[in-house]
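Hi,

Here is the structure for you to look over. My notes follow below it.

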Amino acid sequence: MFAPNIYFLAAIMFLWGFFNSIRTNVNFLYMIELMPSSKQNMIGTFWNCFEGSINLFATYWFMRVSTHWFGFVSIGLAFQIFACSTIWFLPESPIYLLKRQRYDELKEALSTIASWNETELDWDAYDFAEGA
């Protein structure tokens, strides 16, 4: 085994769970907010079922098929560290900003998202109740 002692293994498991909870929650919220409301329940249910089954499949795989877990855990932990370190650069949720009537921040967030998608927004097409 790679783990030199139980404390190392406990630290890796803690980091795995910590990073996974951040990655999963933020991804889910952005995904739900940016899709049509008619599809949110179906896609949200599918997402949660799939996300929950990953650990079940991994457990079965390492119990019955292979005991070489280090590569799997290393790749997963690397992706989770990447996701948690880049999450801080995401703009605030557009739905949250709209509900709080923070229109200047909303325009900034939508402009950032549009620039990542290589798109320009026509602000004249939108009606923001400035100062309302």
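Is Phe46 buried or exposed? With a relative accessible area of 56%, Phe46 is exposed. Buried here means under 20% relative accessible area, exposed over 50%, and partly exposed in between (1.4 Å probe, protein chains only). Phe50 is partly exposed, at 46%.

First, the ground rules. This is a predicted model, with local features needing pLDDT of at least 70 and side-chain atom pairs counting only at pLDDT 80 or more, while totals for chains, interfaces and linings use all residues. Residues are numbered from 1 along each chain as its sequence is written, and side-chain values use heavy atoms, leaving out hydrogens and water.

Helices are DSSP runs (H or I, at least four residues), numbered from the N terminus, as are strands (E, at least two).

Next, the core. The largest nonpolar core has seven residues: Ile12, Trp16, Phe19, Trp69, Val73, Leu77 and Cys84. Helices α1 and α3 (70-86) each supply at least two residues of this core. A nonpolar core is a set of buried Ala, Val, Leu, Ile, Met, Phe, Trp, Tyr and Cys residues joined through side-chain atoms within 4.5 Å. Leu77 touches Ile12, Leu15, Trp16 and Phe19, not counting residues up to four places away in sequence. Contact means heavy atoms within 4.5 Å.

Then Ser93. This residue lies in the loop between α3 and α4 (94-99). Ser93 counts as buried because its relative accessibility is 10%. Leaving aside neighbours within four places in sequence, Ser93 is in contact with Tyr30 and Glu33.

Now Ile6. It lies in helix α1 (residues 6-33). Ile6 counts as exposed because its relative accessibility is 58%.

Last, the segment after α5 (103-116), where Trp123 is found. Trp123 counts as partly exposed, at 26% relative accessibility. The C-alpha atoms of Trp123 and Ala58 are separated by 47 Å, with the two residues 65 apart along the chain.

Best wishes
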